[in-house]
Amino acid sequence: MDLECDLLVIGGGMAGFVAGTIASNAGISTVVLRKGQSATAYSSGAIDMIGYLPEVSEPFSSPEEGLTTIAGLYPLHPYSIVGYSEDVEPSRVVAEIVERARGTIAWLKKYLKDTAASLIGSFDYNVHPITVLGTTKPTCLVQETMFSDSLQQNEDNVLLFVGLSGYPDFNPSAASKTYLEDRISVGEPPRKVGRCVLEIKPFGKSFNLSSIEIARHFDHEESIDDFAAQLKIQVEQLGASHVALPPVLGLRNALMNKKKLEEILGVQVFELLGFPPSIPGLRLQTSLENIFKREGGKLLVGHEAVGYNRMEDKVTSVTVKAPRRKIQINAKAFILASGKYIGGGLHGDENGIRETIFDLMTVTRAYHSASGILPSRYTNRLSISPMGQPVYSCGLTVDPKFRPVQEDGMEWASNLFAAGSILTGYDYMSEKSGLGVAATSGYSAAKSAINFIKEVA
Amino acid sequence: MSDSEFDVVVIGGGSTGTAVVRDCAMRGLKTLLLERDDIASASVGTCAGMISSGLKYQGEPEIMKMCSTEVVYFNRIARHIIMKNPILVPIRDFSVVAANRQMADTYSEYAEERDVPSMMFLTPEATLEIEPMTHPDIIAGVYYEEFFIDPFRLCLLQALDARNHGATIKSYCEVTGFEPMTNGFQGVIFYNRITGLIEKVRTKIVVNATGPWAHKIANMGGIELDLRLNKGAHIIFDRRIVNVGITTKESVDGRWIYLFPHENTTLLGTTALDTWEDPDTLVASYDEIEYLLKSIEFIIPSIREARIIRTMAGVRPLVADWNIPEDEVTRGYRVVNHDNGLISFVGGKLVMCRHMAEAVTDLVCKKLGNDVVCKTHETPLPGNENDVDIETLSREYGINMHILERMRARRGTEIVKILEMTKENPEWKTTICTCEPVIEAEIRYAIREEFPQTLNDLRRRLRIGTGPCQGTSCTHKVAAILSEELDLEGDDFLVDILDFRAERWKGIRPSMRGEQLAQEELAQGMYSCVGNLEQSDVDYDMKPWEEGN
C-alpha cells in the first residue's frame with residue numbers, strides 16, 4: 001500500500017507538530033508519523049527558550065537577551081542557523097535570529113490558545129516557576145494552570161504546598177523547605193510557606209495513586225469540589241495567599257479546575273513543574289496534535305519509519321512499519337523530527353552514534369564526527385553539572401535551510417529537512433532550551449520545506 | 001570499663017568486619033565497630049554474592065571443604081537472604097571437559113551436605129533446552145548448583161545482630177591513627193563524619209578487617225603488611241536474561257567467567273587485574289567491558305542484544321603471593337597477629353567471612369582469657385527465625401505477592417513489622433522504587449531501624465535504584481522520605497539527590513549504550529533540565545572518582 005502527500009514529517013513531538021501545522025496551514029498536504037509517545041509528552045509542559053549560556057550560572061533575564069547572546073557566540077546553534085543564511089544581510093543577523101524565535105513564541109501562544117495547554121508568558125522576560133523539588137528554573141512560557149503573577153510580589157505572601165496522600169511524585173515537606181531556603185537566600189518573598197497532605201475523595205484506593213488517574217478523576221465535573229473543601233480549611237489555617245499543587249489538575253479541565261479552586265478559596269492556585277509521567281506534557285502533546293489535525297493534517301500513530309528510497313538528490317519515499325502492516329509514503333519533501341535517544345532518532349553503542357533512519361552524518365557539539373565515538377567517552381565525570389553531558393549534544397548538522405549536511409558540507413538530499421532535538425549545537429538540559437529549539441527549528445524547517453515544495457510545483 | 005573503653009575495636013564494616021563484631025559480641029566481649037562509610041559500602045558490595053562451594057579451588061582441598069561447610073552454616077543462619085542458582089557450563093571444546101573432569105568429582109564429594117545434586121554431564125540438546133541462548137555448536141554441558149546471598153543484607157544483619165548482643169556500631173567513622181598501648185589499652189582515634197568531630201576510644205585489641213585498605217591501617221600501627229590487590233569488574237544487565245547461571249572457561253584468555261542471574265538483574269563477571277589504584281576511584285574500563293562481552297559471546301552469542309544498565313568494580317585483597325598469575329593465588333585467608341594488640345586479615349572470600357571471624361575471635365578470646373565458644377554458625381540472623389507465608393500476608397494486607405516476595409527476600413520474618421505499619425498508614429503501601437519493587441513502609445522502617453544516612457545507604461538495605469531505571473524515577477521520592485524521617489534541611493534533600501545520581505552515574509557511565517542512553521537522557525531531563533539541580537547553590541562534596549581529570 002502506498003500513501004501520497006506533499007510533506008511527510010517523521011516524529012510527532014513539538015518540532016514535528018509545529019512543522020506539520022505550519023505546512024498544513026499553508027495548504028500543503030501533510031502527514032505526521034508518530035512511533036509512540038514523544039519526548040514532548042515527558043516534558044514539564046513549560047516552554048523553555050533559553051535559560052542559561054552553557055557553563056554560566058547567571059540565568060538570562062529574558063529569551064531576547066539569551067538569543068542575542070547565543071546569536072553572537074554560537075553561530076551554529078539551532079537558534080542561530082536562520083541568521084546565517086545567504087539571504088540575510090550581515091547587519092540583520094542577530095535581528096533575524098531573535099525575530100524568528102519571537103515569532104515562534106507568538107505563533108505557539110496563538111495556536112495553543114483555548115487548548116488544554118494554553119500558554120502564558122512573554123519573550124521579554126523569563127519566568128521562574130517552582131518545580132516539584134522546590135527548586136526554580138528559568139523558562140519562557142508556562143501553561144496557564146502553572147502560572148502565578150503575584151507570588152513574588154508581596155512581602156506578606158504565604159505559599160501553601162499541597163501533597164496528595166498515596167501519590168509519591170510530590171512531597172510537600174521536602175519541596176517547601178527547599179523553596180523557603182531558596183527564598184531566604186535570595187531575600188525575596190514569599191517568606192512564609194506551609195504544607196499539607198490531602199486525600200482525594202471519593203477515590204477507589206489509598207495508595208499507588210498515579211498522575212494520570214488523579215488527572216482523569218479531576219476531569220470529571222465537580223470532582224474538585226470535595227478537594228476544594230478540604231483545602232479551604234488548610235488555606236484558612238495557614239492564612240495562605242497562594243497554593244502550589246502537583247501538576248495533576250486534569251488532562252482536559254485543568255484550567256477550569258484552577259479557576260474553580262481560586263474562586264472557592266479566594267487565593268491564587270497553580271501547578272508546579274513536574275517529572276514524567278507528566279500531565280502538562282500530555283496536555284501539550286495532545287493540544288499540538290489537535291491543532292495539527294484542525295489545520296487539516298493527517299496523523300499516523302504507531303508507525304515507525306524503517307527505510308527510504310531516493311532518486312538522485314531527492315528522497316522519494318519512506319517505508320513505514322506498524323505492527324501489522326508496512327506501507328510506503330511518497331512525498332515531495334520530508335522533515336526529520338525523530339528526536340534524540342528517547343525519541344529514537346539517534347542510537348549509540350560501542351560502534352558509535354548514528355542517525356537511525358537515513359544513516360545521516362552525526363557530529364559532536366564540536367562538529368567532529370560522532371559516528372565512531374564511544375558514547376561513554378563523550379560524557380563528563382560529574383553526573384549533574386553546568387557542563388552537562390556532551391553525548392546529549394550530538395546530532396545532525398544542517399545548512400541554513402535546515403537540511404542535514406554530509407561530510408563535504410553539502411546537503412545530503414535537497415528535500416530532506418531536520419528539526420528538533422536531533423540537531424546538534426546545543427545542550428537543552430543545561431541551557432534550558434529544549435522545547436524552544438524544537439518549536440523554532442520546526443517552524444524554520446517547515447518554512448524551508450514549504451518553499452521547496454512550492455518551487456518544485 | 002568506661003563508655004569509651006572496649007575489649008575489641010573492629011575496623012571495617014564489610015563481610016568480615018561485621019562477622020567479627022557479631023562473634024565478639026556474642027561471646028560477651030565489649031565490642032565497637034568503626035566503619036568509615038556505610039556497612040557493606042566497599043568491596044563486598046561489588047561481589048556477585050556467591051557463597052561458593054569452592055569449586056574453583058580444586059588445588060586447595062582444605063579450602064573446598066571449608067567453603068562447603070560454610071555454605072551449610074549460611075543456609076542455617078541466613079536462608080531468608082539466600083537464593084539457589086542452577087548453573088550450566090556449556091562446552092564447545094572437548095579439551096575443556098577433559099581438563100576439568102576432576103572438578104565434577106571434587107564438587108560432588110560434598111554436594112550432599114549442601115543438599116544439592118552431584119555435578120551432572122548433559123547432552124547438547126538438554127543444555128540448549130535449559131538455556132536456549134547457548135551457542136548451537138556446543139558439544140556438552142555440565143550442570144551444578146551454587147548458593148547466592150544478598151551481601152548487603154548479610155553485612156547489615158551481622159551488624160544489627162551484633163548490636164542486639166551489645167556491640168556498638170559506628171558507621172561514618174574513619175580511623176585516623178592509633179595511640180600506643182598503656183595499661184593494657186591502646187587508643188584508636190577516628191574522625192566522625194556525621195558530627196565532624198575527632199573522637200577517641202581505648203581498646204585492648206584492634207581487629208583490622210579493612211580488606212584492600214588493610215595495609216594502610218596496619219601502617220598507622222607502624223606495621224608493614226603486604227597485600228596483592230586485584231581489581232574485578234562486572235557488567236550488570238537489566239533483568240534475569242538467562243534461565244540459569246552460565247559459567248565458562250572458554251573465554252578470551254581461558255579464565256573462568258560467569259553470567260549469573262542475581263536478584264532482579266544479571267551479572268557478567270569478572271575481570272582480574274592487579275591494581276595499585278585507589279579503590280575509591282576505580283571504575284570498570286572500556287577494555288574490561290569488552291573483554292567480558294567478548295568472552296561470554298563465545299557461549300551466549302546474542303549477549304550484545306541485552307540491555308546493559310551499569311558496571312561495578314571492586315578490589316580483592318588477596319594474600320601477597322607474587323610471581324604467579326592471579327588465579328593461582330590462594331583464595332584462603334591469613335590472620336596476621338602483629339603482637340601489639342593489632343590483628344589483621346588478608347585474603348579470604350565472602351563465603352569464608354564467618355569462618356574468618358571465628359578464627360580471629362578465638363585468638364582474641366585466648367588473649368583476653370575468655371572461654372565462651374563460638375555460636376555464630378548455629379544462631380540465626382534476624383529474620384531467619386521462621387518461614388514466611390507470602391500468600392496469607394498478601395491477602396491480609398492487600399499488597400501484591402511480587403512485592404511481598406521481594407521484601408521477604410530481604411526481611412524474612414521481619415516483614416510482618418513492616419506490614420503492620422501500613423495498617424495505620426495505608427498510603428505507605430505505595431510502591432516507591434518500581435523496578436525492585438519497594439514500598440514506602442519498608443523505606444521508613446529501614447530509616448528508623450537500620451541507621452542509614454544517605455540514599456546510597458538505603459540502596460544497600462533495600463536495593464532501591466538498582467533496577468533498569470537506575471533510580472531515575474525514585475531518587476527524588478526516596479530523598480523526600482529520608483528528608484522527612486530525618487527532618488533534614490532543604491539543601492540536604494537536594495544534596496542527597498545529587499549524591500545518589502553521582503553514585504549511580506559512576507557505574508552507568510563506563511558502559512553507557514543503547515537503551516541506557518535514553519534512560520539517562522530522561523534522568524538528566526528530570527534532575528538537570530526540570531529540577532535545575534546543577535544550578536542549585538548547595539554544599540556538594542565531590543566524590544573521590546569525580547576529582548581530577
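The questions and answers below go through a predicted model with chains A and B.

Reader: What conventions apply to the numbering and to the confidence of this model?
Author: Residues are numbered from 1 along each chain as its sequence is written, while chains are lettered from A and ligands numbered from 1 in the order in which they are written. Because the model is predicted, local features need pLDDT of at least 70 and side-chain atom pairs count only at pLDDT 80 or more, whereas totals for chains, interfaces and linings use all residues.

Reader: Which element gives the largest share of the side of chain B that touches chain A?
Author: With contact defined as C-beta atoms, placed from the backbone, lying within 7 Å, 48 residues of chain B are in contact with 50 residues of chain A. The elements giving two or more residues to this side of chain B are β19 (431–433), α15 (475–485), α16 (490–508) and α17 (515–530), where helices (H or I, at least four residues) and strands (E, at least two) are DSSP runs numbered from the N terminus. The largest share, 11 residues, comes from α17(B).

Reader: How many residues does β16(B) give to the side of domain 2 of chain B that touches domain 3 of chain B?
Author: Domain 2 (84–147 + 228–317) and domain 3 (390–544) of chain B have bounds from an automatic or database domain assignment, and their centres, taken over C-alpha atoms, are separated by 30 Å. In this pairing, 17 residues of domain 2 are in contact with 16 residues of domain 3, and the elements that give two or more residues to the domain 2 side are α8 (286–297) and β16 (308–319) of chain B. The largest share of that side comes from β16(B), with five residues.

Reader: Why do β7 and β9 of chain A each have one side without a neighbour in the sheet?
Author: The open sheet of four strands has the order β7-β6-β8-β9 in chain A, with parallel pairing, two strands being paired if DSSP finds at least two bridges between them. Both β7 (192–198) and β9 (268–271) of chain A stand at the edges, so one side of each is left without a neighbour, each having a single partner strand.

Reader: What angle does the direction of helix α8(A) make with that of β9(A)?
Author: Strand β8 (residues 242–245) of chain A runs parallel to β9(A) and is joined to it by four bridges, with Leu245(A) having Glu271(A) as its bridge partner. Helix α8 (residues 254–265) of chain A packs on the sheet and touches β8 and β9 of chain A. With axes as lines fitted to C-alpha atoms, for helices over the stretch in contact, and angles running from 0 to 180 degrees between N-to-C directions, the direction of α8(A) makes with that of β9(A) an angle of about 150°.

Reader: Is Glu55(A) buried, partly exposed or exposed?
Author: Glu55(A) lies in the loop between α2 (39–42) and α3 (63–73) of chain A, and has a positive phi of about 70° although it is not a glycine. A residue is buried if 20 or more other C-beta atoms, placed from the backbone, lie within 10 Å of its own, exposed if 12 or fewer, and partly exposed in between. Because Glu55(A) has 13 C-beta neighbours inside 10 Å, this residue counts as partly exposed.

Terms used. Contact = placed C-beta atoms within 7 Å.
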